[in-house]
Amino acid sequence: MNADFLKSIGFEMLGGFEKIQKGGSARAFFRFSDKNLGSLIFCEYSGEKEENFLYADIAEFLSRNGVSVPKIHFHDKHKRMLVMQDVGKTDLLDFCKTAEKSEMSKFYKKAILNAAILHEEATKAHLKNPVKLMAGFDESLYEWERNYFFENLIENRLKLNLEKPLEEWKKISPILKEQTLIHRDLQSQNVIVNGENVFFIDFQGMRLGSFWYDLGSLLFDPYCEKMAGELREELANFYCETRKIAFDKNAFYAASSQRLMQALGAYAYLSGVKNRPEYSNYIAPALKNLKECARNANLAKTFEIAEIAQKKLEETK
């Protein structure tokens, strides 16, 4: 396999590889042990997505600027291989399944503190000396995400004959005009809990966008069933207090609606096209969250679409 290659570049392997099943990613991950460095993660990635080539440089940039991420030990973009620190097997989602509410709040706040560093200190560093990223959010990318939702879930999966609320959707982008670095997929499975620390992973899609998008992604994460309204409000306030900013209800719920539409499109695509049926399980909770966010953002037609989709989903079970 790749054991000989790792040995040839200086790693002293102890034992073999353990394959890691990782979400909907097309990348392949393996855990192995090194005599000097301990547990490490070996990754092979496809050349199909440009963002995969950016991971290592982004990781080193984030680490230099105070964001807690795995350390990169080796990267060869020509062979499309990298070796990074193994920060542990327990993500925030798994941690919260057995955690008391106080512990859950504590580690979500650690994740929020890490996000605040990304949104402030790392953003300032990027503006002075940019790291290569994917193109930032603009109206065309927001529009792509909404179309992804509508085409994959509403039309292809649920076979609903509805009209896109284009005029309503055009109102979202101007609300999210403030730009910082954002993770872009900041959900519970991309936050690793290790002792008293948390680490962000899967940040290769990082780009400039609205920090409310990241916050909504984390707090309205359809994977985490234990995230309740009271805790969500506490954590949103904690984020704003940490950054000393006012809570912008409209921006928060508009960004959360935007993110949930993207996620719903992904769940429908992965389960329907990529033969990953497990992603169907998250469509119902994501629609429930979308209804709440659309209602609070005064996106009446989006709320109506989510409600119709929710009823159709229940009928097809």
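At 24% relative accessibility, Glu 120 counts as partly exposed, a label that covers values between buried (under 20% relative accessible area) and exposed (over 50%), taken with a 1.4 Å probe on protein chains only. Before we look at its partner, a word on the model: this is a predicted structure, in which local features need pLDDT of at least 70 and side-chain atom pairs count only at pLDDT 80 or more, while totals for chains, interfaces and linings use all residues. Residues are numbered from 1 along each chain as its sequence is written, and side-chain values use heavy atoms, with hydrogens and water left out.

**Salt bridges**

Side chains of opposite charge can pair when their charged atoms come close. Here a salt bridge is a side-chain nitrogen of Lys or Arg within 4 Å of a carboxyl oxygen of Asp or Glu, and by this rule the count comes to 18. Three of them are set out below, including the one made by Glu 120.

| Salt bridge | Closest N and O atoms | Accessibility of each residue |
| Arg 243 and Glu 120 | 2.9 Å | Arg 243 11%, Glu 120 24% |
| Glu 18 and Lys 89 | 3.9 Å | Glu 18 36%, Lys 89 60% |

Arg 243 forms a salt bridge with Glu 120. Because Arg 243 lies in helix 9 (residues 229-243) and Glu 120 in helix 4 (residues 101-128), the pair ties together parts that are 123 residues apart in sequence. Helices (H or I, at least four residues) and strands (E, at least two) are DSSP runs, numbered from the N terminus. Arg 243 counts as buried.

Glu 18 pairs with Lys 89. Glu 18 is partly exposed, whereas Lys 89 is exposed. Both belong to a network of salt bridges that also takes in Arg 31 and Asp 86.

Helix 12 (residues 300-315) holds Glu 307 and helix 11 (residues 283-296) holds Lys 291, so the pair ties together parts that are 16 residues apart in sequence.

**Nonpolar cores**

In soluble globular proteins, nonpolar side chains tend to be buried together. A nonpolar core is a set of buried Ala, Val, Leu, Ile, Met, Phe, Trp, Tyr and Cys residues joined through side-chain atoms within 4.5 Å. The largest one has 100 residues, and Leu 62, Tyr 108, Phe 149, Leu 153, Phe 200 and Leu 219 touch the most other members. Helix 10 gives the largest share of this core, twelve residues. Apart from this core lies another, of twelve residues, among them Phe 5, Met 13, Phe 30 and Phe 42.

What is Tyr 108 in contact with, leaving aside its neighbours within four places in sequence? Its contacts (heavy atoms within 4.5 Å) include Leu 92, Cys 96, Leu 219 and Met 227.

**A cavity**

A search of the whole structure finds one cavity of 30 Å³ or more. The largest cavity holds about 50 Å³ of space. A cavity is a set of points on a 1 Å grid over the protein atoms alone where a 1.4 Å probe fits but cannot get out, and lining residues have an atom within 4 Å of a point. Helix 10 (249-272) supplies at least two lining residues, as does helix 8 (211-219). Among the lining residues are Gln 187, Ser 217, Asp 221, Arg 259 and Tyr 267.

Key
1 Å grid on protein atoms, 1.4 Å probe; cavity = no way out; pocket = protein on both sides within 12 Å on 5 of 7 lines; lining within 4 Å. Points joined across faces, edges and corners; volume = space filled by probe spheres on them.
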